[in-house]
Number of protein chains: 2
Amino acid sequence: MNNTVSKNPLLANTSPECFTYLQTHSERFLNELIEWCKIPSISSIAAYQAEMRRAAEFGAGLLRAAGLENVAVLPTAGHPLAYGEWLKAGPGAPTVLFYGHYDVQPALQAELWETPPFEPSVRGDCLYGRGASDMKGQTMAEIKAIEAVLQTQGRLPINVKVLLDGEEEIGSRSLRAFITENQARLACDYAVNPDAGMCSADQPSITYALRGGVRVNLTVYGPQQDLHSGVFGGTLHNPAQALAELIAGMHNAQGRVTLPGFYERVRPLEAEERHMLAQLPVNDAFFLQSSGAPALWGEPEFTPYERTTARPTLEVLSFQAGLPGEGVLNIVPAKASAALSMRLVPDQDPQEAYQSLLRYLEAQAPPTIRWEAQYIGGGRGALVRRDQPGMQAMYRALHATWGVAPRFSRQGGGIAVVGQLQQIMGVDSVMTGFGLPDDNIHGPNEHLHLPTWRKGIQALVHFLFEAAPRGTAL
Amino acid sequence: MNNTVSKNPLLANTSPECFTYLQTHSERFLNELIEWCKIPSISSIAAYQAEMRRAAEFGAGLLRAAGLENVAVLPTAGHPLAYGEWLKAGPGAPTVLFYGHYDVQPALQAELWETPPFEPSVRGDCLYGRGASDMKGQTMAEIKAIEAVLQTQGRLPINVKVLLDGEEEIGSRSLRAFITENQARLACDYAVNPDAGMCSADQPSITYALRGGVRVNLTVYGPQQDLHSGVFGGTLHNPAQALAELIAGMHNAQGRVTLPGFYERVRPLEAEERHMLAQLPVNDAFFLQSSGAPALWGEPEFTPYERTTARPTLEVLSFQAGLPGEGVLNIVPAKASAALSMRLVPDQDPQEAYQSLLRYLEAQAPPTIRWEAQYIGGGRGALVRRDQPGMQAMYRALHATWGVAPRFSRQGGGIAVVGQLQQIMGVDSVMTGFGLPDDNIHGPNEHLHLPTWRKGIQALVHFLFEAAPRGTAL
C-alpha cells in the first residue's frame with residue numbers, strides 16, 4: 001500500500017458562494033440538528049419503533065430540502081432507510097454514495113447525563129445529546145454540504161447518492177439484504193462515510209482500516225433455580241463463579257486471547273505501516289488520560305494504538321448474575337450471563353471467531369454446569385487502499401480546510417456497512433469524520449464540538465468539488 | 001459430645017385438651033398466619049419501614065392473644081422487636097426463650113411467582129407466600145403452642161419468654177446491642193429457635209451446629225467511565241474480566257478456597273460425628289435432585305452434606321458489570337461488582353475471614369485496576385452440645401409427635417441470634433423447625449407444608465410439658 005497523496009492541494013474549483021451559504025444558514029443547520037436529536041431513535045429497543053420511523057422521515061425531509069431527487073423512506077426487514085440522489089453531473093463525473101445513520105445508542109444511565117439525552121443542549125462550544133456526534137451530526141454535515149452546493153450552484157460537480165441507515169448501532173443487520181437486492185440503485189465509484197471521527201480538533205484524519213466484530217451472549221446454568229447459599233453453598237458449582245472461571249481463562253497473563261486458532265488469520269502489520277501509525281498522536285499517555293484507567297494493559301509486543309486497531313480482542317461488555325442492590329438475597333444464582341464482544345481484524349471471519357470460542361468452551365467448560373452460547377451478530381473488518389481517487393480527494397479537502405496534512409489511521413470500532421459494501425459490491429469507503437475522541441459517543445453526555453462540525457461541512461463542500469475530475473468547472 | 005437421649009419418650013404429662021384446642025382453632029390459626037404474611041415486612045429495603053412496624057405490632061397482638069404478659073413492641077437501632085413473657089411456672093421450672101422473626105426476604109423476581117408473594121394462597125397442602133415458611137409460619141407455631149396450653153390450662157409448665165426479631169434476614173444487626181443491654185430481661189436456661197427446618201416431612205430433626213458468615217461487596221474499577229469497546233478494547237484491563245479473574249482465583253481446581261489462612265481455624269470433623277452425619281438422608285442424590293444442577297462440585301474429601309454444613313465456603317451471590325438487556329452498549333464497563341458470601345464454621349472469625357480475603361486481593365489484584373472491598377456484616381457459627389436438657393426435651397417432643405427418632409443435624413445457613421446468645425449470655429439454642437428443604441425459602445414460590453406445620457405446633461405443645469422437670473403436673 002502506497003501513501004501517494006498530493007501534499008500541495010489545489011482547490012481552485014470550490015465555489016466561494018457555498019461558504020457564504022454555510023455562514024448564512026449556520027443557525028438553521030444547528031436548529032435542524034437539534035430537532036433531529038430530539039427524536040429518541042434507539043434502534044436496539046423495540047419500544048422505539050415509532051420514533052425510528054419519525055427519525056427516518058425527518059432525514060428524508062432533510063434530503064428533500066437539500067435538493068436531492070427521488071427521496072424516499074425505504075422499508076427493510078428492520079428499521080427503514082432514507083434515500084435520495086442527484087445524478088445529473090454528466091459524463092465522466094464519478095458517482096459517490098454518502099452513508100449516514102439516524103439511529104442512536106440507548107441512554108440507559110440517565111442519571112449520569114448533565115442534561116437529558118434527548119433534550120439537546122448547547123453548552124460552550126458543544127451540543128450535548130445522544131446522537132449529536134454519533135452520527136446525526138456527521139450525517140447532517142454531509143447533507144448540508146450537498147445542500148450548500150446544490151442551492152448555490154443549482155447542480156453538483158459529481159453524482160451523489162445518499163443512504164441513511166437506521167440500524168448502524170445494531171450492526172446494520174437489515175442493510176446487507178438491502179444492498180444485495182439494490183445493487184443497481186446503489187451503484188457508485190466509492191462511498192463516503194463520515195462515521196470514523198478524527199484524531200483531534202486540529203488533526204483531520206482518514207480511516208483506512210476498521211475492525212470487524214462478533215457479539216456473543218454466553219450463559220452458564222447451574223441449579224434449576226436460585227438456591228439458598230447456606231443450604232447449598234459449597235456443594236454446587238456456582239454459575240457466577242464458573243462463568244468467571246471461563247472468562248478468566250480466555251486471556252493469558254500477557255493479555256493474549258487463548259481461544260484456539262483465534263489469531264490464525266490475523267494479517268500481520270508491516271514495518272512501514274507500523275512506522276506510519278507510530279506518528280499518530282495516540283500514545284500511552286493519550287490512552288491513559290482519555291480512559292482514566294490506572295494503567296494500560298494488553299499484548300506487550302504491540303503499542304496501545306495497534307492493540308486497539310490492528311489486533312483482535314475479546315471484551316466482556318456485561319456480566320450479570322444474581323440480584324444486586326439493597327435487598328441482596330443469600331442465594332447461589334441459577335445462572336450467570338455475559339455479553340462478549342470480539343473485535344476482529346482482516347482477514348478474520350466472524351463465524352470462525354465464534355467457532356473458536358465454541359471450541360474453547362467445549363474444551364474448558366466443566367461438567368458441573370451447562371452453558372449456552374448465542375451468536376448475536378458479526379461483521380468482517382475492512383482495509384481500504386490509501387492511493388485511490390476518493391481517498392485523495394478527501395485528503396485534499398481536509399488539508400485545505402484545516403491547513404494541516406491529514407493522517408491516515410486505523411479504527412478500533414466497526415462500521416458494518418463498510419464491510420458490506422466491500423464484500424457485496426466491491427465498493428470501498430472513504431472514511432473520515434468530525435467527531436472527536438472525547439465526544440463520549442455511546443456514553444453519557446455525548447456531545448458534538450460545533451466548531452469542528454462546521455469545519456467538517458466546509459471540508460465536505462471542498463470534497464464535492466475535489467471529487468470531480470480535475471479541470472471540471474460547474 | 002455424647003448423644004445420650006431417651007429412646008423411649010414418656011409424654012404422660014401433656015394435657016389432651018391442648019390438642020383438642022389445636023383442632024378447634026386450626027382454621028383461625030391459618031387465617032392469622034395469612035394475615036401476617038400479607039404484610040411485606042422486608043427488612044432489607046428501607047421503603048418497607050412502615051410495614052415492618054405493622055408486622056411487629058401484629059406479632060405483639062398474637063402474643064397478647066396467646067395470653068402472654070408484659071407484651072410490648074420494643075425499639076432498637078433498626079427495626080423493632082416484639083416481646084412477651086409468662087413467668088409464673090414457680091420454683092424449679094426452667095425459663096425458655098422462644099425466638100422468632102417477623103421479617104422476610106425480598107421477592108424481587110415477581111414474575112417467577114405463581115401467585116403474588118404477599119397475597120398468601122393455599123394450594124394443595126401448602127400455603128404459598130413470602131415468609132410462610134421463613135419464618136412467620138414457624139414463629140406462629142411457637143405462639144400457637146403457647147396459646148393452646150395457656151388457654152386450656154390457664155398456665156404453662158415452664159417460664160416462657162418470646163422474642164420476635166425484625167432483622168433476621170439482615171443478620172440481626174440491632175439485636176446484638178439489645179441482648180447486651182437486656183440480659184436480665186432475656187435471662188433464661190436456654191433458647192428455642194425453630195428457624196432451622198427439618199430433613200423431610202417424615203423425619204424431624206434438631207440442629208446442633210450452624211455456619212456463620214461474612215458478606216463482602218467487591219468492586220473493581222477500570223476506566224473513569226464506560227468506554228467504547230472498539231476504541232479502547234484491547235488496551236485496558238476490562239474490569240469485568242479483572243473481577244472474573246480475581247474470583248476465578250479464589251478457588252483451586254479441587255474447589256478449595258485459596259484465600260491465605262482461610263482454613264486455619266476450621267475445627268476438624270471427628271470420626272464419630274462424620275459417622276452420625278452419614279446416616280442423614282442427604283446424600284449426593286438429594287443434592288442433585290433438589291438443586292437440579294448437572295453435577296455436584298466441591299472439596300472431594302468431604303461429602304456434600306459435610307461441605308454445606310461443616311466446611312467453610314465462598315460463594316458469589318451476584319456479579320454485575322455493564323448494562324444487560326435489549327440495548328446492550330458496545331462498552332468496556334467502568335466497573336464491575338460482586339457480592340461475596342463466605343460461610344464459616346467454628347472456630348472461624350468473620351473479621352479474620354475478611355482479612356484473608358483482603359490479603360488475597362492485595363497479593364493478586366493487578367496494577368491495571370483499582371479495587372475496593374466493603375465488609376457488609378458477619379457472624380460466627382455455633383455448635384451446641386447435644387446432651388443438655390433442652391435438646392433432650394425437644395427430642396422427646398418430636399419423637400412423640402412423628403413417631404420416629406429425630407436426627408441431629410448441622411445447618412449450612414446461619415442464624416445470627418444463636419451466635420449472639422451464645423457469645424453474650426452463654427445461652428445455647430435448641431434449634432429445630434418445621435420448614436422442609438423444598439419450601440424454597442428466599443426464592444420464588446416460598447411455601448409452607450401445612451400438615452407438617454400443624455404437627456410442629458403439636459410438637460411444641462409436647463415440648464412445653466417435656467421441658468418441665470420430670471414429675472411436674474399442672
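**Close-up views of a predicted two-chain model**

**View 1. Helix α2 of chain B on a sheet.** Helix α2 (residues 26-38) of chain B lies across β4, β5 and β18 of chain B and runs at about 20° to β5(B). Helices (H or I, at least four residues) and strands (E, at least two) are DSSP runs numbered from the N terminus. Contact means heavy atoms within 4.5 Å; axes are lines fitted to C-alpha atoms, for helices over the stretch in contact, with angles from 0 to 180 degrees between N-to-C directions. The model is predicted: local features need pLDDT of at least 70, side-chain atom pairs count only at pLDDT 80 or more, and totals for chains, interfaces and linings use all residues. Residues are numbered from 1 along each chain as its sequence is written, chains are lettered from A in the order in which they are written, and side-chain values use heavy atoms, without hydrogens and water.

**View 2. The open sheet of chain B.** Three strands are arranged in the order β4-β5-β18, with antiparallel pairing (strands pair if DSSP finds at least two bridges between them). β4 (121-123) and β18 (447-449) of chain B each have a single partner strand, so one side of each lacks a neighbour in the sheet. Neighbouring strands are turned by 25° against each other on average, direction ignored.

**View 3. Strands β5 and β18 of chain B.** Three bridges join β5 (residues 126-128) to β18(B). B:Leu127 has B:Leu448 as its bridge partner in β18(B). Helix α15 (residues 450-466) of chain B packs on the sheet, its direction making about 65° with that of β18(B).

**View 4. Relation of the two chains.** A rotation of 180° with 0.0 Å of shift along its axis superposes chain B on chain A, with RMSD 0.1 Å (least squares on C-alpha atoms of residues with pLDDT of at least 70 in both). The copies are thus related as by a two-fold rotation axis. In chain B, the C-alpha of B:Ala244 is nearest the axis, at 2.1 Å.
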